[in-house]
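Please look over the sequence and the coordinates shown here before reading the report that accompanies them.

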Amino acid sequence: MRGYKSAYIGTVFFVGLGSVIATLAHPDNELLLMAMSQLLAVLTFPLGFIASAIAFVVLHAGIATPAEATVVATPVFAVLGYIQWYRLLPAFYRTGK
């Protein structure tokens with residue numbers, strides 16, 4: 001089970017930080033970054049929308065660029081996804097004896 005957790009966290013970080021690297025390679029195409037950020041929200045649905053809201057607030061307030069907002073939100077996506085998939089759902093579906 002530990003391998004699945006590591007693979008999930010690695011995938012979230014790969015998608016998040018990979019989207020920032022792809023945006024740096026193609027700076028005129030920020031739509032790519034936005035699409036990859038939404039993929040992070042899907043990987044961590046429904047708790048991932050909390051991280052999306054954090055990134056949106058930071059971006060909308062003008063504190064960060066889209067790439068910086070994604071770098072800030074990626075660890076939040078990873079933590080929330082881990083909590084959701086490997087802590088909350090197993091505890092919810094655990095059979096009581």
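The report below goes from the overall architecture to individual features.

## Overall architecture

This is a predicted model, and its protein chain contains 4 helices and 0 strands. Read from the N terminus, the order of the elements is α-α-α-α. Along the principal axes, the C-alpha atoms occupy a box of roughly 55 × 25 × 15 Å, and of the 97 residues in the chain, 30% are buried.

## The aromatic cluster

The structure has 4 aromatic pairs. One of these joins Tyr8 and Tyr86, whose ring centres are 6.1 Å apart and whose planes meet at 70°, so the pair counts as edge-to-face, the cut-off for that class being over 60 degrees. Because Tyr8 belongs to helix α1 and Tyr86 to helix α4 (residues 66-93), this pair ties together parts of the chain that are 78 residues apart in sequence. Tyr8 is buried, at 12% relative accessibility, and Tyr86 is buried too, with a relative accessible area of 15%; the cut-off for this class is under 20%.

A further pair is formed by Tyr82 and Tyr86, with ring centres 5.8 Å apart and planes at 35°, so this pair is classed as tilted. Tyr82 and Tyr86 are 4 residues apart in helix α4, which means that about one helical turn separates them. Tyr82, at 23% relative accessibility, counts as partly exposed. Taken together, Tyr8, Tyr82 and Tyr86 are linked by ring pairs into a cluster.

## The surface patch

Phe13, Leu17 and Val71 make up a nonpolar surface patch of about 220 Å². Leu17 lies in helix α1, which spans residues 2-25, and with a relative accessibility of 37% Leu17 counts as partly exposed.

## The largest pocket

The largest pocket holds about 290 Å³ of space. It is lined by 13 residues, of which Ser37, Gln38, Ala55, Phe56 and Leu59 are the closest to the centre of the pocket. Which helices supply this lining? At least two residues come from each of α2 (30-43), α3 (48-60) and α4, and α4 gives the most, with 5 residues.

## The cis peptide bond

Between Phe45 and Pro46 the peptide bond is cis, with an omega value near 0°. Pro46 is located in the loop that lies between α2 and α3, and these helices are both among the contributors to the lining of the largest pocket.

Is Ala73 buried or exposed in the model? Ala73 is part of helix α4, and its relative accessible area of 3% places it in the buried class, for which the cut-off is under 20%. The C-alpha atom of Ala73 is separated by 13 Å from that of Gly18, a residue 55 positions away along the chain.

How values were computed:
Residues numbered from 1 in each chain as written. Predicted model: local features only at pLDDT ≥ 70, side-chain atom pairs only at ≥ 80, totals over all residues. Heavy atoms only, no water. Patch = residues over 30% accessible without salt bridge, like charges linked within 9 Å, V, L, I, M, F, W, Y side chains within 5 Å. Areas by Shrake-Rupley, 256 points an atom, 1.4 Å probe, with all protein chains shown as cover. Salt bridge = Lys/Arg side-chain N within 4 Å of Asp/Glu carboxyl O. Buried < 20%, exposed > 50% of the residue type's maximum accessible area, 1.4 Å probe, protein only. Phe/Tyr/Trp six-rings, centres within 6.5 Å; stacked < 30°, edge-to-face > 60°. 1 Å grid on protein atoms, 1.4 Å probe; cavity = no way out; pocket = protein on both sides within 12 Å on 5 of 7 lines; lining within 4 Å. Points joined across faces, edges and corners; volume = space filled by probe spheres on them.
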